[in-house]
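This report describes the packing, the surface and the backbone geometry of one protein model. The structure is shown first, and the description follows.

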Amino acid sequence: MHLLIPAAGSGKRMGADGNKLLLPLLDHSIMGWTLKAAVAANSIEWIGIICQAMDEPVFQETVTQLKIDKPVSFIRGGDTRQASVSNGLQALPEDAKQVLIHDGARCLATPALFDRCTAAFATCKGLIAAVPVKDTIKQVNTFGIIEATPNRSHLWAAQTPQGFDVALLKEAHQKGQTQGWSVTDDAALFEKCGLNVHIVEGEETNLKVTTPMDLAIAEFILLQRL
């Protein structure tokens, strides 16, 4: 399986001066933990790290320190996550038929989750890791007034990895660019094109490290695993 890791963002909500994935988390960086899990997954054979030029040397150093024995390529990131993934798709090896896309900031994903997502390709062409929503969700208008309370049993919180047939996802990105669609994940492009996206049960601990509180929670979870 081919894996793309978008890692070209900034750390504004984290309060970091640069890329938050370079921040230390116990004895590795955030990105280091993400890579360790991906490399430990039996199904992952190739990794593409999508990043900005200024961060590439540090990510290369991380790959060296972890002694990663799987092929790793560095791909130039775009101005948005959508543009970065599009760049990543164009840089995939020619034999790539399916691809997993995993946010670099989700550093707590386990190798088993990567393998579970890979296995799901046996029955579908689009998938996302997700977990059932526990809280009651309120739909609110611009004035802060509740308009609806969706049925919680139908709500899932999206995570990554997300996986797709490469040819179909390339077509979806091309259509999104032509139509001017702006989306926050690749599943939304698939959905807009009328393509089915299946749920693969994710992990409660697979949080996205976005704020300093998330970083503290990630450290606690990792310590429980040691």
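The largest nonpolar core of this predicted model has 41 residues, and those with the most contacts inside it are Ile 47, Ile 49 and Phe 114. At least two residues of this core are supplied by each of strand 1, helix 1 (30-40), strand 4, helix 2 (56-65), helix 4 (111-120), strand 7 (126-132) and helix 7 (212-225). Helix 1 gives the largest share, seven residues. A second, separate core has 17 residues, including Ile 50, Val 85, Val 99 and Phe 164.

Two residues illustrate the packing. Leaving aside neighbours within four places in sequence, Ile 49 is in contact with Ile 5, Ala 7, Met 31, Leu 35, Phe 59, Val 63, Val 72, Ser 73, Phe 74 and Ile 75. Leu 35 lies in helix 1. Because its relative accessible area is 0%, Leu 35 counts as buried. Residues up to four places away in sequence again excluded, Leu 35 touches Ile 5, Ile 47, Ile 49, Thr 62, Val 63, Leu 66 and Ile 68. The C-alpha atom of Leu 35 is 7.9 Å from that of Cys 107, although the two residues are 72 residues apart along the chain.

Helix 3 (residues 81-90) has the buried residues Gln 82, Ser 84, Val 85, Gly 88 and Leu 89. These residues are on the same side of helix 3 because they cover an arc of only 160° around the axis. In an α-helix there are 3.6 residues a turn, so residues three or four places apart point the same way. The buried residues of helix 3 pack against strand 1 (2-6), strand 4 (46-51), strand 5 (72-76), strand 6 (98-101), helix 5 (166-179) and helix 6 (186-192).

Leu 226 is located in the segment after helix 7, and Leu 26 in the loop between strand 2 (24-25) and strand 3 (28-29). Lys 67 is found in the loop between helix 2 and strand 5. Their accessibilities are listed below.

| Residue | Relative accessibility | Class |
|---|---|---|
| Leu 26 | 33% | partly exposed |
| Lys 67 | 72% | exposed |
| Leu 226 | 72% | exposed |

Most residues other than glycine have a negative phi, and most peptide bonds are trans. Phi is positive, near 55°, for Leu 26, and for Lys 67 phi is a positive value near 55°. A cis peptide bond, with omega about 15°, joins Thr 160 and Pro 161; Pro 161 belongs to strand 10 (residues 156-165).

Key:
Residues numbered from 1 in each chain as written. Predicted model: local features only at pLDDT ≥ 70, side-chain atom pairs only at ≥ 80, totals over all residues. Heavy atoms only, no water. Buried < 20%, exposed > 50% of the residue type's maximum accessible area, 1.4 Å probe, protein only. Helix = DSSP H or I, 4+ residues; strand = E, 2+ residues; numbered from the N terminus. Arc of directions from axis to C-beta. Contact = heavy atoms within 4.5 Å. Core = buried A, V, L, I, M, F, W, Y, C linked by side-chain atoms within 4.5 Å.
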